[in-house]
Amino acid sequence: HRGERNVEDEKKFYINDEVGAVSTLCVELLIALEFDFTIQSSLAVLLAMGIYTDTHMLVSASKRDREAYGVISNHFAHQEFSELVDYDLPMGFIDNLGRAVQGRKQKGPRLVVGLGKIDALSGDDLSSMADLFIRVEGISLVVVWGIIENPSIADGVNVRLSARSENLSIPLETFLRDRFGPTCGAKFTPTGR
């Protein structure tokens with residue numbers, strides 16, 4: 001994500017490039033290394049899914065994203081990919097969505113949705129709901145948060161949030177870091193959203 005502190009050493013390096021998905025960069029690196037995707041079709045489908053989701057179903061994909069997606073999509077069964085895209089939603093998601101709709105708070109074009117406590121397996125519901133709520137007419141900033149039960153940390157819980165912004169005049173990364181500290185980050189589509 002843009003703004004992260006990149007410290008290189010002999011075991012890691014960083015690529016800071018303008019594409020819609022980090023999976024695009026991985027595909028480009030693997031192509032440069034002449035990686036044989038035919039023997040790793042599961043890797044190809046996962047990279048394709050990364051490009052597909054990070055570019056909002058390829059709608060905001062850059063030329064490089066589309067080219068990388070085109071290369072790897074020749075190396076997996078499209079039925080397998082379809083099952084990942086059109087997965088069954090658990091009833092827990094619908095329950096959480098109902099709570100989100102009921103508990104939302106809106107002030108002008110800003111919407112805050114608090115789910116309260118949710119189980120760790122429902123944590124990804126937050127980003128799915130943020131994707132839905134940013135599409136509501138008149139909304140330009142959405143923050144969806146939940147308290148995730150996590151027995152592996154000291155107090156047993158942590159707060160997780162997912163934010164979306166359509167307002168280019170307020171950089172989302174700055175907005176989040178000002179409120180939640182330096183470990184926050186934001187992804188940008190090729191169009192700057």
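## Exercises on a predicted model

S23 touches L47, G50 and I51 (contact means heavy atoms within 4.5 Å), leaving aside residues up to four places away in sequence. This is a predicted model, where local features need pLDDT of at least 70, side-chain atom pairs count only at pLDDT 80 or more, and totals for chains, interfaces and linings use all residues. Residues are numbered from 1 along each chain as its sequence is written, and side-chain values use heavy atoms, without hydrogens and water.

**Exercise 1.** Work out whether S23 is buried or exposed.

*Solution.* Start with its place: S23 sits in helix 1 (helices are DSSP runs of H or I, at least four residues, and strands are runs of E, at least two, numbered from the N terminus). Next, take its relative accessibility, 10%. Buried means under 20% relative accessible area, exposed over 50%, and partly exposed in between (1.4 Å probe, protein chains only). S23 therefore counts as buried.

**Exercise 2.** Find the salt-bridge partner of R64 and say which elements the pair ties together.

*Solution.* First, look for a side-chain nitrogen of Lys or Arg within 4 Å of a carboxyl oxygen of Asp or Glu, the salt-bridge criterion. R64 meets E28 at 2.6 Å, N to O. R64 lies in helix 3 and E28 in helix 1, so the pair ties together parts 36 residues apart in sequence. Finally, check accessibility: R64 is partly exposed at 26%, and E28 is partly exposed at 27%.

**Exercise 3.** Locate the salt bridge of K63.

*Solution.* K63 pairs with E67, their closest N and O atoms being 3.9 Å apart. Both lie in helix 3, 4 residues apart, about one turn of the helix.
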